[in-house]
Amino acid sequence: MPDPAEIAVISSVLPAALTFFFQRLDRLLTSRGAEPEADVLIPAGMVGTLQLPLEPTQDALQTRRGELELLQEALADYADGTTPVSPATPRLLRNMARARTALEDIYGQHLTFEGEDRPESGPFVHQTVQTVTGEATGMDSEVIGGNSRVIQDVDTVEAGGKLIGMKGRRITR
């Protein structure tokens, strides 16, 4: 889990980050949560480029649903203004860090704000495979943009096997 101090660094954009995280939690927990979300308002202070639409990974969404419900409840009073948002509130920072970890897993994208020492916002894939006998592709899309990253930890690619990091008709920056 990210260190809550990472989120404390972004104190100038803390309310915008909280709103963004809470909106994603709210969306994922509705009946439309499994659908791609194209109309995303990118908050001020976010660095990098998110790949839109945001598309939740269904397995990760189902696995983390209970956690998302708890995080939504824990952040609700901050999101609606009942409780002040402050970088000096450890509980808020821990829950925002947990929300970010869950959202990054579900969307397969980093969510990073100004002042943080972590990869910029954008798609990522981290594959860990012992043996590739057929084909393994990290990222395959018509258009791959932003700060896309693929990390592949593979022990062996057998004869006839094929390992591809990124594959797209167009890869943009």
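Reply: Let us begin with the surface, keeping in mind that this is a predicted model. The accessible surface of the protein chain comes to about 9200 Å², and 48% of that area belongs to carbon and sulfur atoms.

Me: What percentage of the residues in the protein chain is buried?

Reply: A residue counts as buried when its relative accessible area is under 20%. Of the 173 residues in the protein chain, 40% are buried.

Me: Which pattern does the protein chain follow along the sequence?

Reply: The secondary structure comes to 4 helices and 5 strands, and, read along the sequence, these elements follow the pattern α-α-α-α-β-β-β-β-β. As for contacts between residues at least 6 apart in sequence, 68% of them join residues at least 24 apart.

Me: Where is the largest nonpolar core, and which residues have the most contacts inside it?

Reply: In soluble globular proteins, nonpolar side chains tend to be buried together. Here the largest nonpolar core has 30 residues, and those with the most contacts inside it are Leu 68, Leu 75 and Met 96. Helices α2, α3 and α4 (90-107) each supply at least two residues of this core. Leaving aside its neighbours within four places in sequence, Leu 75 is in contact with Leu 18, Phe 22, Leu 25, Leu 92, Asn 95, Met 96 and Ala 99.

Me: Is Leu 61 buried or exposed?

Reply: Leu 61, found in helix α3 (residues 58-79), is buried, because its relative accessible area is 0%. Beyond its neighbours within four places in sequence, Leu 61 is in contact with residues including Leu 28, Leu 68 and Ile 106. The C-alpha atoms of Leu 61 and Tyr 107 are separated by 8.9 Å, although these residues are 46 residues apart along the chain.

Me: Why does Glu 116 count as buried?

Reply: Glu 116 counts as buried because its relative accessibility is 11%. This residue is found in the loop between β1 (109-110) and β2 (122-132), and its side chain makes a polar contact with the side chain of Arg 100, at 2.6 Å.

Technical notes
Residues are numbered from 1 along each chain as its sequence is written. This is a predicted model: local features need pLDDT of at least 70, side-chain atom pairs count only at pLDDT 80 or more; totals for chains, interfaces and linings use all residues. Side-chain values use heavy atoms; hydrogens and water are left out. Buried means under 20% relative accessible area, exposed over 50%, partly exposed in between (1.4 Å probe, protein chains only). A polar contact is a pair of N or O atoms within 3.5 Å; within protein, one must be able to donate a hydrogen and the other to accept it, and residues adjacent in sequence count only if both atoms are side-chain atoms. Contact means heavy atoms within 4.5 Å. A nonpolar core is a set of buried Ala, Val, Leu, Ile, Met, Phe, Trp, Tyr and Cys residues joined through side-chain atoms within 4.5 Å. Accessible areas come from the Shrake-Rupley method with a 1.4 Å probe; for residues, only the protein chains shown count as cover.
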